[in-house]
Structure formats: C-alpha cells, structure tokens
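Visitor: I would like to learn how to read salt bridges in a protein. Can you take me through an example?

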Amino acid sequence: MKISMPQEIEVWYVFPAIRKEFAKELLQKGFSQKEIAIKMGLTQAAISQYLKSKRANNLSFDKEVKSQIKKSVNRFMKTGNMVREILYLSSYMKKTTHICRIHHSFEKIPKGCALCYK
C-alpha cells in the first residue's frame, strides 16, 4: 500500500496496532475473542483480523507505549469506553513523539509538524 499522507499511517497502521495490543492484553486476562469483541464493540472477525493483521504487525511499540496500553486496558476494563482509550493513546503517542518516530520510519513527516521537526 502506498502511503500518500502522514494521517494514513495513523488510520491504517497505528490504530490497528493499538487495537491488536488491546486484544492481546484482554486475551492474557482470560477473555475469549467473542468476549473481547463485545467489550470493544466490534465483531469477532474484526478482533481476529486485528490479531493477525499485516498492517498491525508492521509496527512494534516500545516498553513505554506498551506500559501505557496496559494502563489503558485497565481503565477500559472499569469504564468500557474503548474510543476514549484509543484517543488517549493516540494523544499520548503524539505528545511523547512516539508518533513522530513512526512517521519517520515510513518517511512521511507531516509538513510543519512542531513535534517531528524538534
């Protein structure tokens, strides 16, 4: 897939990778794929797809991001608000320049991005 805009990286790679990590964490907590799908408001096929997604496999998060994902999973278990946690993680990755490193790895740096040009 040819990436033409940096935002596509987040939509096609970052969000699926976050959802994959979420699903893996929930599997480790003993939930079935069906239960995870219900909790995340997705189909069981979607969960299966995230777990084996080539796009999600193209990214690997460092320990810091994985730690934040675990915290988000724990909050999600209490609140059930998946959208809030995905947005939180996206915001966290931007504030800490993790997203910049991902953009650089795809050689797609957003023009005028104050974070990426530091």
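Predicted model: local features only at pLDDT ≥ 70, side-chain atom pairs only at ≥ 80, totals over all residues.

Visitor: Which residue forms a salt bridge with Glu85 at 2.9 Å?

Guide: Arg75 does, with 2.9 Å between the closest N and O atoms. Glu85 sits in helix H6 and Arg75 in helix H5, so the pair links parts ten residues apart in sequence. From C-alpha to C-alpha, the two are 7.9 Å apart. Glu85 also meets Arg84 in a salt bridge, at 3.1 Å. Together, Arg75, Arg84 and Glu85 form a network of salt bridges.

Visitor: Is Glu85 buried or exposed?

Guide: Use the cut-off: under 20% relative accessible area means buried. Glu85 has 0%, so Glu85 counts as buried. Arg75, at 29%, is partly exposed. Arg84 is partly exposed too, at 40%.

Visitor: Now the polar contact. Which side chain does the side chain of Gln68 contact at 2.7 Å?

Guide: That of Tyr88. Gln68 lies in helix H5 and is buried, with a relative accessible area of 11%. Arg75 has a polar contact as well: its side chain pairs with that of Ser72 at 3.1 Å.

Definitions and conventions. Residues numbered from 1 in each chain as written. Heavy atoms only, no water. Helix = DSSP H or I, 4+ residues; strand = E, 2+ residues; numbered from the N terminus. Buried < 20%, exposed > 50% of the residue type's maximum accessible area, 1.4 Å probe, protein only. Polar contact = N/O pair within 3.5 Å; in protein donor to acceptor, adjacent residues only side chain to side chain. Salt bridge = Lys/Arg side-chain N within 4 Å of Asp/Glu carboxyl O.
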